[in-house]
Amino acid sequence: MSVIIKPVISEKANYLTELRGAYSFLVNPKANKIQIKTAVEEAYGVKVADVRTMIYAPKVSSKHTKKGLQVGKTNKLKKAVITLAEGEVLDVFSA
């Protein structure tokens, strides 16, 4: 099971990085905080101080067509916000 899917690159994520040293990642929805912490420490070689997670529910959409009601949904997502220890810096673009 791959724990880290990809880093989140957005205006809000960059703002949190500059302000608090917190980095955002999309992670496997079945992974817990301990697994996320060890995966980040192994992948980037840094010391993680705190892990916060958020689970986003799938978005359901429907439309009426000739064949009737078509219903679809997106995948469930889990985002982790990683706070590093003092003095640690993470280069997201290198790994």
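**Notebook: strand 6 and its surroundings**

I started in strand 6, where I found that Lys-78 is the bridge partner of Val-27. The model I am reading is a predicted one.

I then looked up the strand on that side. Strand 2 covers residues 22-27, and I counted six bridges between strand 2 and strand 6, in the antiparallel sense.

Next I checked strand 3, residues 48-56. Strand 3 and strand 6 also run antiparallel, joined by eight bridges. Here Ile-55 has Lys-78 as its bridge partner in strand 6.

How many of the eight residues of strand 6 are buried? I noted six, so strand 6, residues 77-84, is largely enclosed by the rest of the structure.

I searched for aromatic pairs and found one in the structure. It consists of Phe-25 and Tyr-44, with ring centres 5.8 Å apart and planes at 40°, so I wrote it down as tilted. Phe-25 is in strand 2 and Tyr-44 is in helix 2 (residues 33-44), so the pair ties together parts 19 residues apart in sequence. Tyr-44 is buried too, with a relative accessible area of 19%.

Which residues make the nonpolar patch of about 250 Å²? I listed Met-54, Tyr-56 and Leu-77. Met-54 sits in strand 3.

Key
Residues are numbered from 1 along each chain as its sequence is written. This is a predicted model: local features need pLDDT of at least 70, side-chain atom pairs count only at pLDDT 80 or more; totals for chains, interfaces and linings use all residues. Side-chain values use heavy atoms; hydrogens and water are left out. Patches are made of residues with over 30% relative accessible area and no salt bridge: like charges are joined within 9 Å, nonpolar side chains (Val, Leu, Ile, Met, Phe, Trp, Tyr) within 5 Å. Accessible areas come from the Shrake-Rupley method with a 1.4 Å probe; for residues, only the protein chains shown count as cover. A salt bridge is a side-chain nitrogen of Lys or Arg within 4 Å of a carboxyl oxygen of Asp or Glu. Helices (H or I, at least four residues) and strands (E, at least two) are DSSP runs, numbered from the N terminus. Buried means under 20% relative accessible area, exposed over 50%, partly exposed in between (1.4 Å probe, protein chains only). Two strands pair if DSSP finds at least two bridges between them. Rings of Phe, Tyr and Trp (its six-membered ring) pair if their centres lie within 6.5 Å; planes under 30 degrees apart count as stacked, over 60 as edge-to-face and the rest as tilted.
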